[in-house]
Amino acid sequence: MAKKLEIKPVDFFEPTEPSKAKETIENIDVSFIDHFPHHPFKINNIDEMAQTIKEHGILSPLILRPNPEHEGRYQIIAGHRRFEGARANEFAFVPAIVKDVDNETAIVMMVDTNLDGQRQNILLSEKAFAYKMKLEAIKRQAGRPSKNSAQVGPNYDGKQSRDIVADQSGESRNQISRYIRLTELIPPLLDMVDEGRIKFIPSVELSYLPKQNQEDLLSLLTGDGNEKGLLPPSQQQASEMRKLSEMGKLDKDSMEEIMMNRNSNEFPKINFSSIKQYFGRGVTPKEATKKISYALGLEKATERYFNPEMPEEKRIAITQKALDFYLQHRNRQEINANNKSNQPNI
């Protein structure tokens with residue numbers, strides 16, 4: 001039997017807007033509530049939220065609006081996880097504040113409530129689609145067409161839509177543009193960005209590649225296509241791929257060639273003095289660094305010593321610490337041996 005959440009309607013003030021009219025918390029039937037369309041944030045950790053609600057109830061009301069497409073129903077502006085947690089506890093009703101707002105205002109509110117710092121571990125893909133939705137909503141509010149998001153006219157007080165999004169989010173205008181570019185990646189590559197396997201700036205460059213090129217890149221990085229142990233493109237490699245693509249000369253073979261010819265300057269620096277004895281005479285620090293970095297990228301070495309998804313920089317840092325530890329231990333052994341040999345016989 002469904003559980004009814006007992007809560008009396010009370011007056012509610014928004015603390016940041018003390019002069020605003022009172023808003024009433026209502027008990028809304030969960031069967032009449034829908035998620036916000038194209039909600040860009042993943043609804044996860046439901047079990048944890050459900051347990052919290054089971055123990056303490058819903059401490060903060062949901063923010064809803066009347067569903068413009070279905071009379072008598074509501075859309076969630078804020079509180080998607082609380083809603084799912086309530087359903088997991090079989091609540092029949094949830095406390096909510098209903099706001100009668102248009103689509104654009106609802107989108108801005110929905111994005112802002114999720115990016116206000118209360119949500120932790122926000123994925124890059126979530127930010128990307130959230131900023132894109134908010135930018136397009138603000139542009140529509142200002143009466144400008146949403147086509148071609150790079151071309152935005154003046155907004156309120158002479159500001160442009162992208163500047164407004166940047167000011168309100170604490171990000172730079174260029175950073176907002178970079179985030180939005182990620183929405184042009186195919187989903188499997190975007191997942192690799194969220195996982196940290198492809199770095200942020202290279203991923204922005206890769207977003208300019210046509211979808212077929214992106215599919216080719218995915219096949220080179222995953223499954224049987226990665227028999228050579230190719231690492232995800234660096235910023236330099238991604239930029240080179242973008243240039244070839246714009247010239248109409250990028251294909252799967254050229255992408256593989258670019259990824260195989262990784263410039264040694266791109267690898268993290270390693271303290272050569274502590275590892276030079278592992279290499280022959282005449283080997284330069286750059287050559288040694290490249291050899292170590294390449295070896296750590298090989299499939300067999302990765303499987304044996306590291307999680308295959310561990311970032312290259314972290315693998316190299318761990319190797320450096322291991323080598324340093326080994327050399328310090330060996331040096332102590334040599335010192336102890338010398339001390340013993342120098343002790344006078346009694």
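Predicted model: local features only at pLDDT ≥ 70, side-chain atom pairs only at ≥ 80, totals over all residues.
1. Tyrosine 131 and tyrosine 179 are both buried.

2. Tyrosine 179 also pairs with phenylalanine 200, again in a tilted arrangement, with 5.2 Å centre to centre and 45 degrees between the planes. Here too distant parts of the chain are linked, with tyrosine 179 in helix 6 and phenylalanine 200 in helix 8 (residues 200-206), 21 residues apart. Phenylalanine 200 is buried, as is tyrosine 179, and the ring pairs link Tyr131, Tyr179 and Phe200 into a cluster.

3. A further aromatic ring, that of tyrosine 208, has arginine side chains over it. Arginine 181 lies over the face of tyrosine 208 at 3.9 Å from the ring centre, and the charged end of arginine 242 sits over the ring of tyrosine 208, 3.5 Å from its centre.

4. Helix 3 (residues 103-114) can be checked for its length: at 1.5 Å a residue its 12 residues should span 16 Å, and the end C-alpha atoms are 17 Å apart, which agrees. At the N-terminal end, helix 3 is capped by aspartate 102, a side-chain oxygen of which lies 3.4 Å from the backbone nitrogen of glutamate 104.

5. Which residues of helix 3 are buried? They are Glu104, Ala106, Ile107, Val108, Met110, Val111 and Asn114, and the buried residues of this helix pack against strand 5 (62-66), strand 6 (74-78) and helix 4.

6. Five strands form an open sheet of mixed pairing, in the order 3-7-5-6-4. Strand 3 (26-29) and strand 4 (33-34) stand at the edges, and because each has a single partner strand, one side of each is left without a neighbour in the sheet.

7. Within this sheet, strand 5 runs antiparallel to strand 6, to which four bridges join it; leucine 64 stands opposite isoleucine 76 in strand 6, and proline 66 has tyrosine 74 of strand 6 as its bridge partner. With strand 7 (residues 93-98), by contrast, strand 5 pairs in the parallel sense over three bridges, and leucine 62 stands opposite alanine 96 in strand 7. Four of the five residues of strand 5 are buried, so this strand is largely enclosed by the rest of the structure.

8. For the chain as a whole, there are 14 helices and seven strands, and buried residues make up 40% of the 346 residues. Among contacts between residues at least 6 apart in sequence, 63% join residues at least 24 apart.

Conventions
Residues numbered from 1 in each chain as written. Heavy atoms only, no water. Buried < 20%, exposed > 50% of the residue type's maximum accessible area, 1.4 Å probe, protein only. Phe/Tyr/Trp six-rings, centres within 6.5 Å; stacked < 30°, edge-to-face > 60°. Helix = DSSP H or I, 4+ residues; strand = E, 2+ residues; numbered from the N terminus. Lys NZ or Arg CZ within 6 Å of the ring centre and 35° of its normal. Expected span 1.5 Å × (residues − 1). Contact = heavy atoms within 4.5 Å. Polar contact = N/O pair within 3.5 Å; in protein donor to acceptor, adjacent residues only side chain to side chain. Pairing = 2+ DSSP bridges.
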